[in-house]
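Please read it alongside the structure shown here.

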Amino acid sequence: MPRFFLTTAIDYANGEPHLGHALEKIGADTIARFHRQLGYDVHLLIGMDEHGQKVAQTAEKEGVPPQQFVDGIADLFQAMWARLGVAYDQFIRTTSPEHKAAVARLIEQIFAADVSLPEPQRNFYERSYTGMYCVGCESFKQPADIVEGKCAVHPTRTLEEVTEHNWFFRLSAYTGRLKQLFADHPRFLEPESRRNEILQLLEQGLDDISASRSRFDWGVPFPRPLSNGDTQTMYVWFDALPNYWTACFFPGYADKAAWPANLHVIGKDITRFHAVIWPAMLMAAGEPLPAQVWAHGFISLGGERFSKSAGVKLQLAEAVDRYGVDAFRYYLLRDVPFDGDGNFSWERFEEVYNSDLANTLGNLGSRSIAMIEKYRAGVVPAAAPDAELFAAHDASLVQARAAVDGDRRYRPHEVIGALMDVARRTNEYIQRTQPWVLAKDPAHAAQLDSVLVTLEASLATCAAWLAPVMPEKMQALWAQLGGAGDVARARLDQRIDVAGWTVTKGAPLFPKPDAPPGA
RNA sequence: GGCUGGGUAGCUCAGCUGGUGAGAGCGCACGACUCAUAAUCGUGAGGUCGAGGGUUCGAUCCCCUCCCCAGCUACCA
């Protein structure tokens, strides 16, 4: 069985999970579920990035030791993932001893490689760095961020010229190899818009980056002391990025999380770290590279750019409660293209819920199951589904497959679109064949059989293909259709044989909001 | 400022290397049907394909200029 090891960005532990986190995790979870149903041995890695100055500061503000603080945040995130049906296989935390040990190991691996290099080419070297430090931001400012000699964010404070002595990583040495990587593997970074940005960056040439910090200690100690004897803390990205690699050093995960990963799902804002720094680190360590990095877009709220203040406007719990988890997952994935940005609005949510879920899909289930019950006592006839209709369906499924496991990957919204085509086409088919007319004349029994199997088979296809998006609802549909066991085990690359299944009409799958529940 | 990607029906968007009448979904209007969650099916409304110019027998798709939007322009993550 082919492996499919995918990861999401580990979330920075200085706040509660919000809509942006949810989009990425639901997207990755759905991609993972699709692959499970396509016969891959899937490993989905998720986790928390828990080190760094900001986390330490936030913890201090809360008056809690940092470890205790991040423990609490991790609980919040895991509870949210459970709520959203994000079925990860491994949850990594950068504060765990296994991770810290493995990070040190990766760094040492780079030092080991350095031994054979002449000094001017070594990956890690010590260097003094002088920059303008803003006390308000507690960080160094780049020239572009400085306005009239002051930090743009804190114009009342004076910038201090500060010199730090750190470990540096010779990122500049990888410009050529990275260019080669992008040339040899055009799909290493997608979508294309993000790839273009990185190509431009590489064209400019890369600067070395610092790999350790002296100003705080909430992190992994850099494994080697400086020549002056000081031990510094690793720059958070040097601690965070390797999580994908350190995952396999946790007990029980040696095989499941074996490096390299097939896919890193990340947000477009951290493209550079994943498409430049991380590959360079791996090259330095002599490790294989991940097959692909996918940078998804952002979701805004009511047209406004997502921000901490905006985050208050939408409680995830509220969004989930309104129409249920699965409808929330569906809405996000359907309305936010995974290769671009999208917007969240309750108006759209309602439109999509009513139109796609209640009217098109839900009602298709209701009417089909009702007819099988009424005309055939609930037993699906042993006939062949309509060949012409299924030829059209199959064409849709080819598109769907391409959007998760082919040329168009990874675009769950296109999978959804293809399956809605299947549902709409099936509703159309009902209108065209008019089974209620066929039912009136026993002479048309065979024809009616054919129509009913076709409906059942179409619905089973929808249930199987949409299960990754809406696990619970599609399980319910599957059960109503009389499918055995778990819909999540239904293979997407095989035709589902529905002959002989016994349907059971239950409550509407997607009740209208104003309808009494269960009506 | 530089670079990248965009500006197509009320909304969200498809339109590969230029060519018979510019599309889909939603929304809207009208009609049909009754199996179904007042759901479904059909029809329609006719949008200067951002603006101007150019190349061409012919451009939404090629070139130039301009306007507008978004992103990137490196050590917060």
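## Overall make-up

Of the contacts in chain A between residues at least 6 apart in sequence, 76% join residues at least 24 apart. Contact means heavy atoms within 4.5 Å. This is a predicted model, where local features need pLDDT of at least 70, side-chain atom pairs count only at pLDDT 80 or more, and totals for chains, interfaces and linings use all residues. Residues are numbered from 1 along each chain as its sequence is written, chains are lettered from A and ligands numbered from 1 in the order in which they are written, and side-chain values use heavy atoms, with hydrogens and water left out.

Chain A has 18 helices and 17 strands. These are DSSP runs numbered from the N terminus: helices are H or I with at least four residues, strands E with at least two. Along the principal axes, the C-alpha atoms of chain A fill a box of roughly 95 × 50 × 40 Å. Of the 519 residues in chain A, 52% are buried (under 20% relative accessible area, 1.4 Å probe, protein chains only).

## Helix H4 against helix H9

Helix H4 (residues 97-114) packs on helix H9 (residues 271-285) at an angle of about 55 degrees. Their axes are 8 Å apart. The axes are lines fitted to C-alpha atoms over the stretch in contact, and angles run from 0 to 180 degrees between N-to-C directions. H4 is therefore oblique to H9 (roughly parallel is under 35 degrees, roughly antiparallel over 145, roughly perpendicular 65 to 115, and the rest oblique).

H4 contributes Leu106, Gln109, Ile110 and Ala113 to the contact; H9 contributes Trp278, Met281, Ala284 and Ala285.

## Aromatic pairs

Rings of Phe, Tyr and Trp (its six-membered ring) pair if their centres lie within 6.5 Å; planes under 30 degrees apart are stacked, over 60 edge-to-face, and the rest tilted. The count comes to 32 aromatic pairs. Phe34 and Trp465 have ring centres 6.1 Å apart and planes at 45 degrees, so this pair is tilted. Phe34 lies in helix H1 (residues 19-37) and Trp465 in helix H17 (residues 445-466), so the pair ties together parts 431 residues apart in sequence. Both Phe34 and Trp465 are buried.

Phe344 and Phe349 pair edge-to-face, at 6.1 Å centre to centre and 80 degrees between the planes. Both Phe344 and Phe349 are buried.

## Cluster and charges over rings

Ring pairs link Phe111, Phe124, Trp167, Phe169, Tyr174, Phe222, Tyr235 and Phe238 into a cluster. The charged end of Arg224 sits over the ring of Phe111, 4.2 Å from its centre (CZ of Arg or NZ of Lys within 6 Å of the ring centre and within 35 degrees of the ring normal). Arg322 has its charged end over the ring of Trp346, 3.8 Å from the centre.

Terms used. Buried < 20%, exposed > 50% of the residue type's maximum accessible area, 1.4 Å probe, protein only.
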